[in-house]
Amino acid sequence: MGKIVSFPAVVLSMFCLAGSGIAGDTIKVGFVDTYSGPATTFTNDVLDGFKMAAEKINAKGGVLGRKITYVTRDDKFKPDIGLTMAKELILNENVDLLVGTINSATALAVSDLCRKEKVPFIATFSKSDKITGEKGHRYVFGMNENTEMAGRAAAKALSRMKFVKYWIAGDDYEYGHAIANGVFNHLKTLNPKVQLLGQSWWKVGETDFTPYITQILAAKPDFVIVATGGGGMVNFQKAAQSTGFNKRIPFYQHTAIELSTLMPQGQNAPEGVYGTANYLFYYPDSKENKAFVEEFRKAYNRYPKSGALYGYMTAQFIAKSFEKAGKIDREKLIDAMEGMTLPSPVGPMEMRACDHQVTLPMFFGVTKKSTQHEFLVAGDVVSIPGKDYMPSCAEIAKARAK
Amino acid sequence: MDFAANLFSTGTLSQILVGLSRTTILFIVSSGMSLILGVLRIPNVAHGSLYMIGAFVAWTVIQFLGGGLFAFLAALVVAPLIVAAVGFVLERGFFSYLYEREHLMLLLLTFSFALILGDLVKIVWGPEYRSVTVPAFFQGSAEIFGLPLPWYNLFLLIVGPCIAVFLWLVINKTNLGKIARAAAVDGEMVGAVGINVGWIFAFTFVLGSFLAGLGGALIAPMVNISLGMDHSLIMEAFLIVIIGGLGNMWGALLGSLIFGLTQSLGILVWPQFGIAFPYLAVVAVLVVRPRGLLRSTW
């Protein structure tokens, strides 16, 4: 009996030794993310942005004399696979920290694991506000905006407009409802005069929006909050263009002005659509942003999207935090990253100490034709500073206490 | 909100027309599936993948020809033909070896092809979203009681009946169609009178695939062509085939009409829960007629 038990134990300890041996001379970052299926439109940018920054850091001698290396695991957009992969990366690959994931359910599962295992985890594309909100803890960091932040930013911009009768329409899943509620609830507090005329919800992956659009037109609202995500972004815009919806009733979509939404439609995207985004390769027209775009285009022959910014900054935050900590230690990394502010292509980005949520500007704009590009771009861009649309530390503390 | 008033508003007609144009796509895809199910007895889970390939091929053809009405019409012809060719390879190369086995084996094979074709699409076209523009000819929309109905939807309203008539002619007026119908009832007997049933099966599968490809090419300008578009459709197509009566072409038409219209009218009545209506209709139909509305060939 004793032999049977000890054999796996020996094998396991060999794995651990092998793992720690590799980890000894490099900084090993484990990526759990969706690398198959439609989500790769976003996740590949995160990885490429990270690679670009890591290569530059490594070329300059790395961090504390160590090179940044990474391993990737495909979670196939499934939380259970993601969790298994995350465990494998921690136990077998002995990674120093984890990065990912686009699926919020996976992010929350991995976050919970990381809290137990005391491994830092940087969430790079999942949009649930629970990650750094009510489910936040010492080991999890948010490197992108979330539904709560996007909702507040849009509400801020919309509250300056004189629309009164609103309609909500969106993909019937958590992201859709979270975005819609985020925008409307904050709008209602900022401008109590607004009223909700009605709502339409369709299933995720809906292909034909025409029946929904004609129904909304018949109801005659002043403005529509469209809460679509992923493929629904383009699908809805195409339907808006073919029905002339955008010319009759103005509407807003989070990420409507982003490259991932506008580029596939070429010159035929609808004009006059309001949207928010964390990153636009042509705005701000600053030296830093231009340099970032040029470097990214040289490396990957395409324009960077918001994911590229998140990935790029993830590598920077990891490198600078280890440098500040002075040694490769997970707890020291967390202490160092808390409250750290780094320059980024869109201006300074701060990793807030109280909730580990990055503070970054949000751009609000409206789609318009461009003379320089083969696709529509955002016009009348307003930059909303991070501090203006972040939930306060007190609000986060209250949410976490629940 | 006054539900009854919504149903008898000026929006109703426009909503019915929109619903009918949706019916067209559903009918084209589900009739192909029903055909294969009726004659070959294959519940083809990969049918949605063929539809997805149709949309991607249409995108490629339109890109290659530089867009415009001609490129779009060419895509409507080329995409279904290529998908039909894929169907031919699948049927002759794989399915034809399994007809003697249990249905479960065939089901598993079609399921594996749904996965394989999905990955092939990713390898060939990549994971990015693709988008086809509605040709200038169909851009804009007509006004019906002040509500817009896109010209493209009107075009679909014309295409739908044409396809239905074409299928009726093929199945009822050609020899091939008659033999296929006979094979659906008793394949062994058809073989016994000296007809090569294998080729009849191949013909049916190719025709079914052609329809899937045509559905994909027709929907291309309306949606975002992406991986995963197969999954959302396959469920609806199966439900339509089930409520219509397995393997019955006209059942597929009836099922598509029920699905398309309950959805668009449901949205008008209760927009928040519009998605539920087609499924409630499916439940209602199956409670009343568990074997489908029309006679099943099974």
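Student: What share of the contacts in chain A with a separation of 6 or more joins residues 24 or more positions apart?

Tutor: That share is 70%. Two residues are in contact if their C-beta atoms, placed from the backbone, lie within 7 Å. This is a predicted model: local features need pLDDT of at least 70, side-chain atom pairs count only at pLDDT 80 or more, and totals for chains, interfaces and linings use all residues. Residues are numbered from 1 along each chain as its sequence is written, while chains are lettered from A and ligands numbered from 1 in the order in which they are written.

Student: How do you know whether chain A is as compact as a globular protein of its length?

Tutor: Compare two values. The globule rule is 2.2 Å times the number of residues to the power 0.38, and the radius of gyration is taken over C-alpha atoms. For 402 residues the rule gives 21 Å; chain A has 22 Å, which is close, so chain A is as compact as a globular protein of that length. Along the principal axes, its C-alpha atoms fill a box of roughly 75 × 50 × 40 Å.

Student: What percentage of chain A counts as buried?

Tutor: 54% of its 402 residues. Buried means that 20 or more other C-beta atoms lie within 10 Å of the residue's own (12 or fewer is exposed, in between is partly exposed; C-beta atoms are placed from the backbone). In chain B, 52% of the 298 residues are buried.

Student: How many helices and strands does chain A have?

Tutor: 15 helices and 15 strands. These are DSSP runs numbered from the N terminus: helices are H or I, at least four residues, and strands are E, at least two. Chain B has twelve helices and four strands.

Student: What makes β2 and β5 of chain A edge strands?

Tutor: The open sheet runs β2-β1-β3-β4-β5, with parallel pairing. β2 (67–74) and β5 (140–142) each pair on one side only. Strands pair if DSSP finds at least two bridges between them. Inside the sheet, β1 (26–33) and β3 (97–100) of chain A are joined by four bridges, and F31(A) stands opposite V99(A).

Student: Why do β12 and β13 of chain A count as paired?

Tutor: They share two bridges, in the antiparallel sense. M351(A) stands opposite V358(A) there. The sheet order is β11-β12-β13. β11 and β13 have a single partner strand each, so one side of each is left without a neighbour in the sheet.

Student: Why is α7(B) called what it is relative to α9(B)?

Tutor: The axes of α7 (175–185) and α9 (197–219) of chain B come within 10 Å and cross at roughly 105°. Axes are lines fitted to C-alpha atoms, for helices over the stretch in contact, and angles run from 0 to 180 degrees between N-to-C directions. Angles of 65 to 115 degrees are roughly perpendicular (under 35 roughly parallel, over 145 roughly antiparallel, the rest oblique). That makes α7(B) roughly perpendicular to α9(B).

Student: Which classes of residue make up the contact of α7(B) with α9(B)?

Tutor: Seven nonpolar, one polar and no charged residues. Ala, Val, Leu, Ile, Met, Phe, Trp, Tyr, Cys and Pro are nonpolar; Asp, Glu, Lys and Arg are charged; the others, Gly among them, are polar.

Student: How many residues does each chain give to the contact between chains A and B?

Tutor: Chain B gives 38 and chain A gives 33. On the chain B side, the largest share is six residues, from α2(B). That side divides into 17 nonpolar, 17 polar and four charged residues.
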